[in-house]
Amino acid sequence: DMAESHDFSSLSNAAIEEYWPDNWSEKYKGDGYLRMISIAHDGSSAYVAHAKGGIFSFDPLDPAQSSLAAKHVVHIGDADIGDDINGLHHTRSLKNLVITRSKYVHILKLVAEDGTNPLDYGEPIAYKLTLNYHCSELYDGAEMTFMDTAIINEYAFVLGHPKHSDTSEHNGVALYRLTWYDEDETWKDCTQIAGSGLEGAGWVDGSGEEAKFSSTPHEIAVLPSLDSHTIIMGDVDNHALRYVDVTIPVETHDQTDKVRVSSVAYDEDLYQVLYTNEEPWTTLSLESVMEQDGKSYYHSGPEGLYSMNFDAAQDECGRVGIGRICTLPEIRARFARGQYPTIDGDDKTWTTVWTAESCMSCHLEDPGRCPVQEDGDSSWGENFKMIAIFNAQVGLQNQCVHVDRPVDTMSMCCGLGGPAVLNPTGESNEQDEGNIDSKQAGVISAGVVVPLFLIAIAAYGLYMRKKTKPSWWPKFLRNDNREETGHAPHREVDLRGRDYI
């Protein structure tokens with residue numbers, strides 16, 4: 001009901017309590033080896049994976065301590081299921097349970113031919129898939145480890161990577177696809193579809209071949225959708241959700257090079273508050289964002305598309321006198337209002353712009369060395385920023401790219417105010433008054449200021465000789481041909497053709 005109404009406000013009244021039913025052995029309680037929970041979407045069953053103990057069941061609709069549904073249904077060794085259990089998922093049909101271990105996947109039956117659940121009678125039945133045997137061939141037989149598996153139609157998508165890499169101490173994970181063959185009744189043909197597996201951990205989006213993941217993801221899930229097949233991965237210390245769109249290879253049974261990886265900032269507001277000590281953005285409505293950052297500018301049409309890295313995009317904003325690249329909340333607000341640049345004004349066309357959102361996580365550079373505000377080499381991601389990619393029919397996606405990498409983007413700039421300018425506190429007002437007093441006490445005579453000012457102007461003119469110029473720069477001092485092309489945004493027009501003031 002909450003999902004259908006898009007209203008999860010009732011969760012604010014929920015209370016979290018410890019749950020360990022009477023029928024679960026006390027020797028496993030609190031030992032740190034609980035790995036994953038899987039609950040059937042209709043509430044008919046629920047299971048918990050314990051890395052060293054096996055699989056436990058419980059009733060999700062009646063989680064009572066004395067519930068008879070709470071059992072230890074699979075012990076280590078049953079149905080050839082060993083320890084090192086990492087992942088656990090119901091299949092979409094709810095007829096099987098997918099169990100991922102460090103080297104194997106077991107598909108455990110939940111519905112027998114007579115309609116009963118074999119686990120209710122203590123008779124687990126499972127199919128065993130040797131992942132290391134099939135996928136290690138991709139790396140010349142290197143030993144691999146696997147974290148989780150999700151099944152879409154006749155394909156198994158597995159998260160894992162080689163245990164050792166000669167090129168990196170912390171190699172990022174990769175996503176692999178195996179195919180079920182009915183005639184052979186077996187899974188085979190392990191294919192790498194996203195990520196490297198050997199290269200260093202990173203946060204890079206784009207095609208599956210270009211994409212990089214961190215070394216710490218532990219689970220994946222399938223996004224329920226009627227018109228696409230998307231795998232979700234919690235990545236970079238839960239600072240982002242990575243979307244891996246596998247629609248084309250699933251539907252065409254080929255074209256694994258058509259996989260696309262994008263990012264959703266897990267909670268940029270939470271990140272700002274916890275790690276950068278900035279004010280929260282949650283109170284910014286679409287209207288308040290527009291009011292606080294002043295007027296924004298962009299330029300539509302094919303002539304407004306340029307190959308720009310982050311610095312070039314920032315210079316472009318400074319050149320037209322607006323100030324800076326927009327933050328992700330500001331861009332999200334403008335996309336929601338229909339105020340964004342397009343090449344042709346078509347709702348099916350994708351728009352790409354740079355954002356001021358950083359892609360950072362200490363777990364990428366050196367897992368375990370957190371938090372990110374500590375100085376040192378452990379703060380990975382300072383040189384990566386998000387680009388926003390928008391389509392009116394699909395929505396907003398984000399991709400993390402290196403700031404030096406040129407990307408075909410359009411200009412979208414925001415005013416100097418921005419969301420960081422919130423209501424001043426009494427303390428800040430008092431500080432401002434103190435600053436005024438100190439300024440009055442430290443006035444420098446004009447005889448000193450004027451010569452220094454003239455020297456500064458001359459130095460600035462030499463510095464700007466090869467730079468892009470602001471709009472007020474004298475024409476006779478310009479040599480930037482691009483300024484004569486009309487690339488400078490001159491007004492703001494939304495998709496409905498109205499000027500926005």
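On a 1 Å grid over the protein atoms alone, a cavity is a set of points where a 1.4 Å probe fits but cannot get out, while a pocket is an open set with protein on both sides within 12 Å along at least five of seven lines; lining residues have an atom within 4 Å of a point. Grid points are joined across faces, edges and corners, and a volume is the space filled by probe spheres set on the points.

The model you are looking at is predicted: local features need pLDDT of at least 70, side-chain atom pairs count only at pLDDT 80 or more, and totals for chains, interfaces and linings use all residues. Residues are numbered from 1 along each chain as its sequence is written, and side-chain values use heavy atoms, with hydrogens and water left out.

Let us start inside. There are three cavities of 30 Å³ or more, and the second largest cavity holds about 60 Å³. Its lining includes Met308, Trp354 and Cys413. Helix H6 (310–319) gives the most to this lining, with three residues; strands E24 (407–410) and E25 (412–414) each supply at least two. Helices (H or I, at least four residues) and strands (E, at least two) are DSSP runs, numbered from the N terminus. By class, the lining of the second largest cavity has eight nonpolar, two polar and one charged residues. Here Ala, Val, Leu, Ile, Met, Phe, Trp, Tyr, Cys and Pro count as nonpolar, Asp, Glu, Lys and Arg as charged, and the others, Gly among them, as polar.

Now for the open space.

Strand E9 leads us on to a sheet. Four strands form an open, antiparallel sheet in the order E9-E10-E11-E12. E9 and E12 (186–195) are the edge strands, each with a single partner, so one side of each has no neighbour in the sheet. Two strands pair if DSSP finds at least two bridges between them; E9 and E10 (155–162) pair over eight bridges, and Phe146 has Gly160 of E10 as its bridge partner.

Just after H7, Gly338 takes a positive phi of about 80°.
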